[in-house]
Amino acid sequence: MTDRYALIGHPIGHSKSPLIHGLFAKATSQDLTYTAIEAPLDGFLDTLNRFRSEGGRGSNVTLPFKLQAFEIATDPSETARLAGAANTLKFGPGERIFADNTDGSGLVNDIQRNQGFTLAGKRVLLLGAGGATRGAILPIAQQRPALLAVANRTADKAHALRQAFAAHVTLQTGGLDELSGEAFDVVINATSTGLTQTALPLPDSVFAPGALAYDMVYGKGLTPFLRQARTAGAGTLADGVGMLVEQAAEAFTLWRGVRPDTRAVIQQLTVPLV
Ligand code: NAP
């Protein structure tokens, strides 16, 4: 029998997930369907329960429901618990719901496997203190960087993350205006400025010579952050298309027990950084 999976969010029209999971299923000969379901803003739980009662085996969850997805889980992973948010649910046995947050491990896999950068021993800077940063902190810290720093426009939100993660990671936190004189081997833009094509007030010196500059947004070409990184001497520029495909691969592996190959799918979705 064909197994059913879905992405639940609002809005959902732009999503690449049905395409990605369709390609994974074909390449691994898995008998499944994956659809996108737009839930009303006040109707996440009803939508999810209906999907489960119709035989759904698991789902991805996107904005604005990632916090609710975590809250309804009976068995959250450590990463989901620390992030306070989940993007992947696996239903069963019985009424149990396992929740994970695969965004961060997708990011780490993209950086290390696809971009060829090892995070161990490196100075890593995360820009932003929203959901994407929360999901990325633990998976990055598990790679044992020499330093993991979080800088945010609103410095207090970065400081709050230092406290929330204190039992697991020692974070250096501050405002974007406190970065002068600091240099990092990996600089990750986890703010939403990639979506709005807004520049960040960063000193060029944050990019160590040859650094990896990574913008989590995808499909936007050369964002103002990546353009600045290129002029400032970063050695590698990447957007978040690999993270998107790798987080999907993590979910697919959790559901199906088979790891799909990601390279061809990333290639198919890549928009050139020009
Ligand atoms: P979010 O929770 O809304 O957080 C937004 C962050 O951006 C906050 O830290 C905010 O700072 C900062 N920000 C917004 N406008 C800014 C500006 N003009 N200058 C400086 N900082 C600004 O968003 P999110 O869910 O973390 O997502 C962040 C980005 O990651 C988005 O572009 C999203 O598309 C991307 N993302 C990609 C993937 C992927 O698979 N590739 C997955 C998840 C997310 P304040 O706290 O000061 O407001």
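A residue counts as buried when its relative accessible area is under 20%. Keep in mind that this is a predicted model.

**Stop 1**

Select Phe44. Its relative accessibility is 1%, under the 20% cut-off, so Phe44 is buried.

Show both rings. A search of the whole structure finds 6 aromatic pairs. One of them is Phe44 with Phe65: the ring centres are 5.1 Å apart and the planes meet at 20°, so this pair is stacked.

Phe44 belongs to helix H2 (residues 44-53). Phe65 sits in the loop between strand E3 (56-61) and helix H3 (66-71). The two are 21 residues apart, and the pair links distant parts of the chain.

**Stop 2: Phe51 and Phe91**

How are the rings of Phe51 and Phe91 placed, stacked or edge-to-face? Select both and look. Their centres lie 6.4 Å apart and their planes are at 70°, so the pair is edge-to-face. The cut-off for that class is an angle over 60 degrees.

Phe51 is in helix H2 and Phe91 in strand E5 (residues 88-91), so the pair ties together parts 40 residues apart in sequence. Phe51 is buried at 2% relative accessible area. Phe91 is buried as well, at 13%.

**Stop 3: charges over rings**

The charged end of Arg52 sits over the Phe91 ring, 5.4 Å from its centre.

Then move to Phe184 and select Arg123 with it. The charged end of Arg123 sits over the ring of Phe184, and the distance to the ring centre is 5.1 Å.

**Stop 4: a ring cluster**

Select Tyr5, Tyr34 and Trp255 together. Ring pairs link these three residues into a cluster.

**Stop 5: Glu250**

Finish in helix H10 (residues 241-256), where you will find Glu250. Is Glu250 buried or exposed? Its relative accessible area is 19%, under the 20% limit, so Glu250 is buried.

The side chain of Glu250 makes a polar contact with the side chain of Asn109, at 3.0 Å.

Now show the surroundings. Which residues is Glu250 in contact with, leaving aside its neighbours within four places in sequence? They are Thr102, Ser105, Gly106, Asn109 and Arg259.

How values were computed
Residues are numbered from 1 along each chain as its sequence is written. This is a predicted model: local features need pLDDT of at least 70, side-chain atom pairs count only at pLDDT 80 or more; totals for chains, interfaces and linings use all residues. Side-chain values use heavy atoms; hydrogens and water are left out. Helices (H or I, at least four residues) and strands (E, at least two) are DSSP runs, numbered from the N terminus. Buried means under 20% relative accessible area, exposed over 50%, partly exposed in between (1.4 Å probe, protein chains only). A polar contact is a pair of N or O atoms within 3.5 Å; within protein, one must be able to donate a hydrogen and the other to accept it, and residues adjacent in sequence count only if both atoms are side-chain atoms. Contact means heavy atoms within 4.5 Å. Rings of Phe, Tyr and Trp (its six-membered ring) pair if their centres lie within 6.5 Å; planes under 30 degrees apart count as stacked, over 60 as edge-to-face and the rest as tilted. A charge sits over a ring if NZ of Lys or CZ of Arg is within 6 Å of the ring centre and within 35 degrees of the ring normal.
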